[in-house]
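I keep these notes while looking through one structure. Each entry records what I looked up and what came back.

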Amino acid sequence: MNNKIAKPGLMMAMLPIVLTLAILGIQLFYFGDFTPHIPLAIGLAITALIGWCRGYRWDDIEDGALHVVRVGLPSIAILMTVGMIVGIWIASGTVPLLIYYGLKILSPEIFLAASMLLCAVVSVSLGTSWGTTGTVGLALMGIGAGFDIPMYWTAGAVVSGAFFGDKISPLSDTTNLAPAVTGVNLFDHIRNMMPTTVPAMLIAFAIYATVGYTLIGSQQVDFSKIESITGGIAANFNLSLLLLLPPVVVIVLALKKMPALPSLFAGVLLGAVLAVTVQGISLHDIFNFMHSGYKIDTGVAEIDGLLNRGGITSMTWVITLVLIALSFGGALERTRCLETLIDAVVRRTHSFFGLQASATGSAVATNLVAGDPYLSIALPGRMFAPAYTKAGYSKLNLSRAVEEGGTLISPLVPWNAGGAFVITALGLGIGDGNFENLLYIPLAFACWLSPIIGLFYAATGRFSPKASQQELAQAEAEEHDALSLQDAKSAS
C-alpha cells in the first residue's frame with residue numbers, strides 16, 4: 001500500500017509537525033503546563049487525518065504507529081523495572097546507605113566532578129543510562145541536597161555521566177542500534193566515538209571541578225543539615241555494607257554480558273530479600289513499595305522528600321508519554337513525512353561538513369518532534385547511509401552523528417522519553433512549577449559538547465574516516481541489486 005502512494009511534498013510533510021509544535025508551544029509556554037501528552041496525541045490525530053486524506057487506510061497508520069511502539073517496548077519494561085528498583089533499594093537501605101556515606105566521605109568541592117565520573121562508570125557497566133539515573137543518580141541527588149547544591153547542578157552532572165556512559169557501552173541498546181541501522185561494526189563504532197567522547201568528558205570534568213572549588217566551595221556548608229540527614233537515616237535504617245550487594249550484583253551481571261532487563265530485575269529481587277532480612281519489612285509492604293513506591297515519615301523534611309518515591313506507578317507519566325511519542329513518530333514515518341524531510345535535507349547537502357551537520361541535525365530534530373531517541377537514530381541512520389558512501393566517506397561518521405544527535409540530546413528535550421525520565425527519576429518537579437530545574441539542560445555539558453566537537457572534526461577533516469574498499473564494494477553491490485529488482489518489476 002505504501003509503495004503505491006507517493007511521498008508527500010515538503011509543505012505537506014511539514015504540516016503535521018508544524019501544527020503539533022504550535023499546539024505543544026501553547027501548552028508549554030502559554031498555559032505554562034508541562035504535560036506534553038495531549039499535544040502529541042493531537043499531533044498523532046493530525047498526522048493520521050492527513051495520511052487518510054492522501055489515501056492511507058487507518059490500518060496502515062495504526063500498523064506504523066504500533067510497529068514503532070513495539071520497538072520501544074523493551075525500554076518501557078526497563079522503565080517499570082527501574083521504578084521497582086528505586087522503591088525496593090530505598091526500602092532495603094541501599095540508597096539511604098549511599099546517601100549516608102556520600103555525605104560522610106565526599107566534599108562539596110569535588111562532588112559534581114565525582115558524580116559525573118561515578119555515573120559514567122556505572123552506566124558503562126550496566127549499559128543503561130536510565131538505570132543509572134534512577135538508582136545512583138537518585139542517591140547523588142540526595143547527597144547534593146545535603147551539601148545545599150542546587151538540584152539543577154547535580155542533575156546536570158548525573159545526566160552528563162549517565163548518558164555518556166550509555167553512549168560507549170557495548171551493552172547499551174542505542175549503542176547497538178546506531179551501527180546496526182548504518183551497517184557498521186559495533187566496536188569500530190565505539191572506537192570512532194572516542195575522539196568526541198574523551199574531550200567532551202574532560203571539558204565537562206574541568207567545568208564541574210572549577211565550579212566546585214569556586215562557587216560551591218566558597219559557600220558555607222550547613223553541617224547541621226548534613227548531621228540531621230545522616231542522623232535521620234541512621235535512626236530509621238539498619239546500615240550495613242551488605243546493602244551494597246544489589247548494585248554490585250547488577251554490575252557483575254552486566255559485565256558478564258547478561259541482558260539489561262534480567263540483570264536489573266535480579267537487583268529488584270535481591271533488594272527485596274535484604275529489605276525483609278535486614279530492615280524487617282513484611283512481604284506485603286515489599287509488594288506495595290514495588291508498585292506504589294516507598295513511604296516513610298522520619299520527621300526530617302529533607303529525608304522524606306528524598307526517599308518517598310519509586311514504584312511502577314511513579315513511571316506512569318513517563319510511560320504514557322513514551323507510548324504517545326512513539327505512536328506519533330511511527331505515524332510520521334508510515335505516512336513518509338519524515339522521509340520527505342530528510343530527503344530534502346540530503347538533496348541540499350553538497351559537502352562532507354554539510355552531510356555530517358545534516359545527519360546530526362536530523363537526529364536532533366527527530367528527538368524534538370517525535371520525542372523518541374530510537375527513532376532519532378534509526379530514521380536518519382537509514383536515510384543518510386547511501387549519501388556517505390557516494391561522498392566517499394565511511395558510514396562510521398554517520399553512526400557517530402546519529403548516536404550523538406540521538407542518544408545524547410534525548411535527555412535534554414523535556415518532552416522526549418529521555419528528558420521525561422530524567423525529570424521524573426531525579427524528582428526535579430518541573431510539573432509542579434519548578435522550572436528553574438530545567439537549567440540542568442545547559443549544565444549537562446558532556447551531552448551537548450560532543451556533537452559540537454564532532455562538527456568541528458567534520459569541518460577540519462580530522463577523525464573523519466574515508467570509506468574503505470569493502471564499504472564501497474558493498475554499496476556498489478547493493479545499488480546493483482536494487483537496479484536489478486527495479487528492472488525485474490518493470491519487465492513484469
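How many residues does helix α17 have, and how far does α17 reach from its first C-alpha to its last? I note first that I am working with a predicted model. I looked up α17, which runs over residues 352–370 and has 19 residues. From first C-alpha to last, α17 reaches 26 Å, close to the 27 Å expected at 1.5 Å a residue. I then checked what comes just after α17 and found Gly371 with a positive phi of about 70°.

Entry on α1 and α2. I took helix α1 (residues 10–30) and helix α2 (residues 37–53) and asked for their axes, which come within 9 Å and cross at roughly 160°. An angle over 145 degrees counts as roughly antiparallel, and α1 and α2 are therefore roughly antiparallel to each other. I recorded the crossing of α1 and α2 as right-handed. On the α1 side I listed Met12, Leu15, Pro16, Leu19, Thr20, Ile23, Leu24 and Gln27 as making the contact. On the α2 side the contact is made by Pro39, Leu40, Ile42, Gly43, Ile46, Thr47 and Ile50. Sorted by class, the residues of the contact of α1 with α2 are 11 nonpolar, 4 polar and no charged.

Entry on α6 and α7. I found that α6 and α7 pack at an angle of about 155°, with 9 Å between their axes. That angle makes α6 roughly antiparallel to α7. The crossing in which α6 passes α7 is right-handed. From α6 I noted Ser129, Trp130, Thr132, Thr133, Gly137, Leu140, Met141 and Gly144. In α7 they meet Met151, Thr154, Ala155, Val158, Ala162, Phe163 and Asp166. The class count for the contact of α6 with α7 is 8 nonpolar, 6 polar and 1 charged.

Entry on α7 and α22. I next asked how α7 lies against helix α22 (residues 445–460); the axes come within 7 Å and cross at roughly 50°. That makes α7 oblique to α22. I listed Trp153, Val159, Ser160, Phe163, Phe164 and Lys167 in α7, which meet Phe445, Ala446, Cys447 and Ser450 in α22. The contact of α7 with α22 divides into 7 nonpolar, 2 polar and 1 charged residues.

Entry on aromatic pairs. I searched the whole structure and got 13 aromatic pairs. One of them is the pair of Phe111 and Phe147, which is edge-to-face, with 5.8 Å centre to centre and 75° between the planes. Where in the chain do Phe111 and Phe147 lie? Phe111 is in helix α5 (residues 108–126), and Phe147 is in the loop between α6 (129–146) and α7 (151–168). The two are 36 residues apart, and I noted that the pair links distant parts of the chain.

Entry on Ile441. I located Ile441 in helix α21 (residues 440–443). Which residues does Ile441 touch, not counting those up to four places away in sequence? I found Leu412, Pro414 and Trp448. I also checked Ile441 against Pro411, 30 residues apart along the chain, and their C-alpha atoms are separated by 8.0 Å.

Key: Residues numbered from 1 in each chain as written. Predicted model: local features only at pLDDT ≥ 70, side-chain atom pairs only at ≥ 80, totals over all residues. Heavy atoms only, no water. Axes fitted to C-alpha atoms, helices over the stretch in contact; angles between N-to-C directions. Helix = DSSP H or I, 4+ residues; strand = E, 2+ residues; numbered from the N terminus. Parallel < 35°, antiparallel > 145°, perpendicular 65-115°, else oblique. Left-handed = near helix turned anticlockwise from the far one by under 90°. Contact = heavy atoms within 4.5 Å. Nonpolar A, V, L, I, M, F, W, Y, C, P; charged D, E, K, R; others polar. Expected span 1.5 Å × (residues − 1). Phe/Tyr/Trp six-rings, centres within 6.5 Å; stacked < 30°, edge-to-face > 60°.
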